[in-house]
Amino acid sequence: MKIYYRVFYTLLVVSLLASCNKQPVKSTTDAKADSVLALMTLREKIGQLTLYTSDWDVTGPTMRKGYQTDIKNGDVGAIFNAIGAAYTRQLQQLAVENTRLKIPLLFGYDVIHGHRTIFPIPLAESCSWDLDMMQRSARIAAEEATAEGLHWTFAPMVDIARDPRWGRVMEGAGEDTYLGSKIAAARVKGFQGDDLSAVNTMLACVKHFAAYGAAQAGRDYHTVDMSDRVLRETYLPPYKAALDAGAATVMTSFNEIHGEPASGSHYLLTDILRKEWGFDGFVVTDYTSIMEMLYHGVVADTAAAAAMAINAGVDMDMQAGFFQDKLEQLVKAGKVSEARINEAAKRIIKLKFDLGLFDDPYKYCDTTREKTVVMNEKFLAEAKENAKRSIVLLKNENNILPLNKNTKTLAVIGPMANTRKDLIGAWSAAGDWKKAITLLEGIQQTVSPATKISFAKGSPIDADSTQYLAEAIAKAKQADAIVLAVGEASWMSGEAASRTSIQLPAIQRKLMEEIAKLNKPTVLVVMNGRPLDLSFEDKHFKAILETWFLGTQAGPAIAEVLFGDYNPSGKLTMTFPRSIGQIPIYYSMKNTGRPYESDPGNKYVSKYLDESNYPLYPFGHGLSYTTFAYTQVKLDKTSITSTDSIQVSCTVTNTGTRQGEEIVQLYVRDLVGSVTRPIKELKGFTKLDLKPGESREVTFQIKPADLRFYRKDMRFDYEAGEFEVYIGTNANTTNKAKFNLSVAE
Ligand code: NOJ
């Protein structure tokens, strides 16, 4: 070890001195990475470009045997799915004690919504619109993950998603580019903190680059095809926002786009990522996507696949093993330049320096820290707070909610009422579902001791059995109020979990029908990983609470909302359709040449014969136990120039009887453009906390730069013309004013 470091530092000093005379001064880690690179053989460099899974966890279709041997041979630079301070130390030792240059391994893992303390699924958390809170949950996830030996999370997933059939909508921030970009940045800041060398921060990996969320028909891994304008305007900004926030790494996506698999796309990985955006971290493939290029049919053999990926701009091969097997011979044959290998290896080594791994490869393998940090009380409290704020009250006719804590007899019914396994949702990392608190337990902790609670499962989640139904009906009949918890099992969303139906399983419908017939005050609690078609539920129930998968603290969080200890404030970040036939449906659609609203009675307008055009619950929708009134939107002027900005304001009043939070949303419509523009685009939001009777004026500032888009000539810029600006409680708001932007030619 000592000899190695002496050689290394001598080289470092030499390279630093050399750089003083010739080039601009390099960052210290940059120069250090160069000095290590200078010592490496081609094979050792290729080793750094290789990432394999351990057998600790399974997150894909292949498992490589003998990764320990690869580590000892220096044929692998990073490992994923190995966690724990002791286990990562063991593997790190294999690298540091056996390889010639003792280059430490990088440990990656899918730390998506918490590590051990599981937070709400990202789609749920996005419904809080609370950027600080999302940053904090990513911070806590990094605290726990780094205490278990990890350096690198495969998050945030920032794929814009507008098709709820796609199971991975649960992992992102919903349908909107503006909000998705803000959330992407917040999550990166949370994971990475201010200093990568700190022991509690980790590398973020923005994924999946690019446009993975636009899979045709919502089928996972399916083809993506879209114009460059849509790609750049709708899908790319969240990745860019994550990189602007400092994300150190990027993961490619499985899909093809523009006829090219993303992992072989020079356009995405070099032209956009490196040349346009100046990204200088490293790019890793998603799982075996280099191998999958054979199935895509753009290469005929493994060598061609490896060459295509590295030449397109991939730096690290996750799990395919093609770099390890083919790059050496490809360099020798002149099909891949050694300069390209050097560039990739240097990016990886540099980040290992940034993390401090060369100073102490075992720095993250501290079993004492692991014990004190993981799942501590503070983290659990934050997870509960976060869960409460992620809940969306979809409907509350006759103020059925909040329920009275002194209700004499409460029936808690349904397959989700006492499930533990499903609460932490998909992609719950190292989370232990056994530690989650169920809804029934949460209710038991919250109601008055005098309340009699009866529980019945009512139905399975998905299996076809009516064996639990009679008991549930009998118990519900005895109750003064009913909490009916229905939903999807956690395996029904996530990766490779697309559905052609987005309704709740038929067996649960049967249960809902029977309970609804009783005509008792009933609250429907829905747990799920995607927007569902809740038309049936909306018809049968007066109160519906969307609770997603809320993580370790789901039960107490839902109970606090049910009984009014917390007044719900979440707002949907994905549109809920009335039926699957409306998909894709999102608030920022285009107007068409025959908008329905232009002549609703006419046959020849854009509409369906059998369904309304409008969603069941729009983007931005979410109720509170209080009510809010908005005054007419006011502008400080009605016309601006390129150097100006406009103030848009509105007063919001809490008109109900309880304190409550309201997410106030700002939308803009560009009325005439050189290309068609969406009917509304989110441009700002703020969260107000108002006491009963309290009013607050909200002011947003809009600058011409906020009005930019990809014009007909593909220049990202604004155009002169008229704009409508809206402030309201959801994307359906009609509260608007008009202004004009003039641009000097
Ligand atoms: C495949 C998933 O698409 C990706 O998001 C994940 O990070 C990798 N597997 C590793 O588990």
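In this predicted model, Trp427 is found in the loop that runs between strand β12 (409-413) and helix α18 (439-446). The backbone of Trp427 has a positive phi of about 50°, although Trp427 is not a glycine. Most residues other than glycine have a negative phi, and most peptide bonds are trans. Against that background, two peptide bonds also deserve mention. A cis peptide bond joins Lys207 and His208, with omega at about -5°, and the bond from Phe209 to Ala210 is likewise cis, with omega near 10°.

The side chain of His208 places an N or O atom 2.6 Å from an oxygen atom of the ligand, and for the side chain of Lys207 the corresponding distance to a ligand oxygen is 2.8 Å. In the side chain of Thr59, an N or O atom is 2.7 Å from an oxygen atom of the ligand. On its own, the ligand has 300 Å² of accessible area, and the protein covers 100% of this area. The ligand sits in the largest cavity, where 14 residues surround it, the closest being Thr59, Asp110, Arg168, His208 and Asp286. Sorted by class, the shell around the ligand consists of seven nonpolar, two polar and five charged residues.

Aromatic rings were examined separately, and a search of the whole structure finds 21 aromatic pairs. One of these pairs is formed by Tyr178 and Phe685, whose rings are 6.4 Å apart from centre to centre, with 90° between the planes, an arrangement described as edge-to-face. A pair of aromatic rings is described by the distance of the centres and the angle of the planes. The edge-to-face label follows from the angle, because planes over 60 degrees apart are counted in that class. This pair links distant parts of the chain, since Tyr178 belongs to helix α8 (residues 177-192) and Phe685 to strand β22 (residues 681-690), with the two residues 507 residues apart.

Notes: Residues are numbered from 1 along each chain as its sequence is written. This is a predicted model: local features need pLDDT of at least 70, side-chain atom pairs count only at pLDDT 80 or more; totals for chains, interfaces and linings use all residues. Side-chain values use heavy atoms; hydrogens and water are left out. A residue is near a molecule or strand if one of its heavy atoms lies within 4 Å of it. A polar contact is a pair of N or O atoms within 3.5 Å; within protein, one must be able to donate a hydrogen and the other to accept it, and residues adjacent in sequence count only if both atoms are side-chain atoms. Accessible areas come from the Shrake-Rupley method with a 1.4 Å probe; for residues, only the protein chains shown count as cover. On a 1 Å grid over the protein atoms alone, a cavity is a set of points where a 1.4 Å probe fits but cannot get out, and a pocket is an open set with protein on both sides within 12 Å along at least five of seven lines; lining residues have an atom within 4 Å of a point. A molecule sits in a cavity or pocket if more than half of its atoms lie within 2 Å of its grid points. Ala, Val, Leu, Ile, Met, Phe, Trp, Tyr, Cys and Pro count as nonpolar, Asp, Glu, Lys and Arg as charged, and the others, Gly among them, as polar. Rings of Phe, Tyr and Trp (its six-membered ring) pair if their centres lie within 6.5 Å; planes under 30 degrees apart count as stacked, over 60 as edge-to-face and the rest as tilted. Helices (H or I, at least four residues) and strands (E, at least two) are DSSP runs, numbered from the N terminus.
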